Amino acid sequence: MADDELAAAVDELPLVDHHVHGALVGEVDRAGLEALLTESDRPVPAWMTQFDSQLGFAVRRWCAPVLDLPPHADAADYVARRAELGVAEVTRRLLAASGVEHFLVDAGYGGEVLLSPAEMAAVSGARVDEVVRLETVLEDLARSGVGAAEIPARFPEALAERTVDAVGLKSVVAYRFGFDFDPERPSEAEVVSAADRWLRTGGRVEDPVLLRFLLWSGVDRGLPLQLHAGYGDPDVELHRCDPLLLTRFIKLVEPRGVDLVLLHCYPYHRNAGYLAQVFPHVHFDVGLAVNHTGARSAAVVAESLELAPFAKVLFSSDACGPPELHHLGALLWRRGMRAALGERVAAGDWSTPDAVRVARMVGRDNARRLYRLERW
Amino acid sequence: MADDELAAAVDELPLVDHHVHGALVGEVDRAGLEALLTESDRPVPAWMTQFDSQLGFAVRRWCAPVLDLPPHADAADYVARRAELGVAEVTRRLLAASGVEHFLVDAGYGGEVLLSPAEMAAVSGARVDEVVRLETVLEDLARSGVGAAEIPARFPEALAERTVDAVGLKSVVAYRFGFDFDPERPSEAEVVSAADRWLRTGGRVEDPVLLRFLLWSGVDRGLPLQLHAGYGDPDVELHRCDPLLLTRFIKLVEPRGVDLVLLHCYPYHRNAGYLAQVFPHVHFDVGLAVNHTGARSAAVVAESLELAPFAKVLFSSDACGPPELHHLGALLWRRGMRAALGERVAAGDWSTPDAVRVARMVGRDNARRLYRLERW
Amino acid sequence: MADDELAAAVDELPLVDHHVHGALVGEVDRAGLEALLTESDRPVPAWMTQFDSQLGFAVRRWCAPVLDLPPHADAADYVARRAELGVAEVTRRLLAASGVEHFLVDAGYGGEVLLSPAEMAAVSGARVDEVVRLETVLEDLARSGVGAAEIPARFPEALAERTVDAVGLKSVVAYRFGFDFDPERPSEAEVVSAADRWLRTGGRVEDPVLLRFLLWSGVDRGLPLQLHAGYGDPDVELHRCDPLLLTRFIKLVEPRGVDLVLLHCYPYHRNAGYLAQVFPHVHFDVGLAVNHTGARSAAVVAESLELAPFAKVLFSSDACGPPELHHLGALLWRRGMRAALGERVAAGDWSTPDAVRVARMVGRDNARRLYRLERW
């Protein structure tokens, strides 16, 4: 009984996916789909299929029925049915089935291959707001022909313009350098010097001085600042993305009253829970890892509910590309929460109303408070 | 049947809480109580309550009935009932319900806000012995007006006096610096020079030379030496408190025949289990983490029973302040052990007598052997 | 039903133990056996028995019946029965009961105390192939009287000769130095200089230049290269054996098309799973840890099936010495897989045929593909 009540509450909860990217615009064949079911950017070797993974099994189990196939459908049948329905219908079905009422989209990655925030809103019927990636704003500014000496003044202006309607900011310093950076704000002279070097060579922003400049400019802007942490593609050196390496930066930001949101965090999610307990302005999620650990995500979700106060834990899918990821991010999180909280209730540790309340906090209410979404 | 036998044995086991602090002397209001239900030393933000945490839920579930309230009582009702009964009665009830027969109290922190070892004995009826914090002895010595040049000779004398009746020593080098220190004993000249700088500036001992001097003086004293490791308040930089960083210090201490006891260790408790397997003089517990992970502590307790021989694992609450922590430290550990060991018995891996024996070793017998408590 | 089908398939699966050492040649008494049931090389303290550990309990539970004793037999009875049957019969029974069809033996450690690959084949009836330890080949070459200047040319020749029939290579750089080495191939001059120093002093190869020379010579040889990672004896500094520290070396090896196999990895097996997902040439196992975590190995096995595609995970025992380790490595892995996969099937996440297929991949087929064992 109690368990049914909890299960129903979790399954029916309208979610705020507080960090996500657009769904794919175009069709993909089997090889293309497999390449997007892993964080690896290397070709899938000929002697294996990426469907033989936790995520691949989850696609066949949970997405197949949304496309009218039986659970555990063959990968070949799944890909064929996907092509038959066409990308628009597949995307429409999978986004609708996710039960997400509000997507906060990081549109700073993927360009025209992914649906824009407005397109995401149109296809899903959900509200969509934007999270702006700091590095992209600087790279766009550089393409506009700005000089190095102008960057310290011009970047904050560009950021202000770009974020008029944004609900948050995002940093990928983890990918571009790692968290073992000098946490202090760089001087203007250092920024100009680093910008000068960078503008000559071009390419992505990877200079740690510029990345720190972006972080501190983000803190000045005052919106909640998301940081990729832990698990990601082979650009990261994972041990340099342990969120604990941010401890000194976190302490320096604390007096500024700006919220920091650690994204993904796997396999360092217990470390993130510690930071969320001891620092009032630190929040975190286990997005991305939930999708890629598939059925094992129940364990990851349970581990994310240890040290952190429940008001500091968030839900995200970090889905990017195949709408299967948007759907599974929500579905696997719901299954993980049902399992983790249901176990607490069954053992007599928690009451059912408390368990339901925690699910609502993590799945929706914390994000609404943090990003001030209640105004809508 | 077998499971009932195991459950009864674990529930009735008189525990030795080998690392704990005093219970609160005075009354606390709701804000004061919440501030003590977290390792954060920051104010609890207005938009949340610390009761919405694993520990807060455990207080409402397990401490409420000890105060005659129903399980899962509202936080407001709990605080009101607490005030109604008064601190003396609340403390008496919660300590008695813990089933602890022997507390080893670190009285080097908290001063007059916490019950002294003698007061803890009086209110609980349990035997109480003392663990002496090295840093406190040096800070007390400094207040007595000692000169830097005298410290190398005077500290060992002060420590000997202060520990005449003590059963162990404690170091908080993890808080004051981290474990990434030079493991060698500093020279007398280095100690005098560092002491000279410190005595001019005052404050807590944070100089790594002095902290190393304290550790090696503790080794000379020969009592089991407890080291805070892993999880704690925001003073720690958690990644610098991984007990593996002590490996070289552990090897240097080994020929001295002095036991090292790693406290808490979360989220590095598997690392501590490794050290306890390969070094005969290393022991550890998962205290503090048990309280703060609440219902999830069953997972932490299970993870602490992997590599370490069962003779090397200990129980502690690390409770400090609210007697809820003393009670829950014991209660949650019992629940965790029942779950972890019960699962082993149910799966046919372990016999019930073996499971009962392991519970007794960890909860009581290992501490009695290590701290030579059998003499009483 | 489904679960019975899965259990039967896992239990009957002929395994490839892709990293193992020989069984003991001679008899051991109780003290000798206990000393081999831990990675510690220190004497077992008088106040404990190594039988009081996860591994000790597993020996009494699972090996006792193979020797005609009841489950959970007393340690003393177990040791007596072992002596009564004699080492030949004990070894024959335990190896046969393991259900291993093919052992890949690292014979570079243990010398004449352990059965040779040919003797392992004779006593077990299984096929045996060899994995050659790089450091041993260099140490053997040094004993032949080679000069430092000849080593850059002579080592590859010696390695080619030694590995004519080998299926893989093995590096113990984790033990001899750690993974925090310069990942680049050293120059010939650097190798000669380091070799000159080493040949004067003798002893094990511990110079990082020589260890890197061995790794890159191994890459040149082109066979799959096994690297000890994580958990091992007190020679390792465990935090310096996190496989993530190999990230740059892994990237440098990638264009060479040589497979890297991370062995053991505990407690960093989730990190290894990440590397196996993002790098096509990285594979891993949780051998050694399965034996030493005993009944808890089910959790370790489950954690090893998160990020890595199932084609990248392998089974090994890393058994060395007592044939109990060869038997338990297989038995505990089967129990862990049955539990981990059975939970997935019971929860409706996976189909039974998929679960059976994953067990076959990890237990046998991946190793057959990786080491090209299909030719037999």
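Predicted model: local features only at pLDDT ≥ 70, side-chain atom pairs only at ≥ 80, totals over all residues.
Begin by selecting Asp182(B): at 41% relative accessibility, this residue counts as partly exposed.

**Ion pairs of chain B**

Arg212(B) and Asp182(B) form a salt bridge whose closest N and O atoms are 3.5 Å apart. The two residues belong to distant parts of the chain, 30 residues apart: Arg212(B) lies in helix α11 (residues 208-221) of chain B, and Asp182(B) in the loop between α9 (173-176) and α10 (188-201). Is Arg212(B) buried or exposed? With a relative accessibility of 7%, Arg212(B) counts as buried, because the limit for that class is under 20%.

Remain on helix α11 of chain B and select Asp220(B), together with Arg256(B). Here the closest N and O atoms of the salt bridge are 2.9 Å apart. This pair also links distant parts of the chain, 36 residues apart, with Arg256(B) placed in the loop between α12 (247-253) and β6 (260-264). Arg256(B) has a relative accessible area of 38% and is partly exposed; Asp220(B), at 42%, likewise counts as partly exposed.

**Ion pairs of chain A**

Turn now to chain A and select Asp68(A), Arg81(A), Glu84(A), Glu89(A), Arg92(A) and Arg93(A). Salt bridges with shared partners join these six residues, Asp68(A), Arg81(A), Glu84(A), Glu89(A), Arg92(A) and Arg93(A), into one network.

Then select Glu343(A) and Arg344(A), whose side chains meet in a salt bridge at 3.7 Å, N to O. Over all chains, the count of salt bridges comes to 120.

**Backbone details**

While still in chain A, select Asp318(A), in the loop between β8 (313-314) and α16 (323-346). Asp318(A) is not a glycine, yet its phi is positive, at about 50°. Its relative accessibility of 10% places Asp318(A) among buried residues.

Return to chain B for Cys265(B), which is found in the loop between β6 and α13. Phi of Cys265(B) is near 75°, a positive value in a residue other than glycine. Cys265(B) is buried, with a relative accessible area of 0%.

Move along to Tyr266(B) and Pro267(B), which are joined by a cis peptide bond with omega of about 0°. Pro267(B) has its place in the loop between β6 and α13 (269-278) of chain B. In chain C, a cis peptide bond with omega of about 0° joins Tyr266(C) and Pro267(C); Pro267(C) lies in the loop between β6 (260-264) and α13 (269-278) of that chain.

**A buried strand in chain C**

Select residues 15-20 of chain C, which make up strand β1. Six of the six residues in this strand are buried, so β1(C) is largely enclosed by the rest of the structure. Now show residues 100-106 of chain C, strand β2, which pairs with β1(C) in the parallel sense over four bridges. Where is the bridge partner of Val20(C) in β2(C)? The partner is Val105(C).

Finally, display chains A and C together. The copies use different surfaces, since 3% of the contact residues of chain A recur in chain C.

Methods:
Residues numbered from 1 in each chain as written. Chains lettered and ligands numbered in written order. Heavy atoms only, no water. Buried < 20%, exposed > 50% of the residue type's maximum accessible area, 1.4 Å probe, protein only. Pairing = 2+ DSSP bridges. Contact = heavy atoms within 4.5 Å. Salt bridge = Lys/Arg side-chain N within 4 Å of Asp/Glu carboxyl O.
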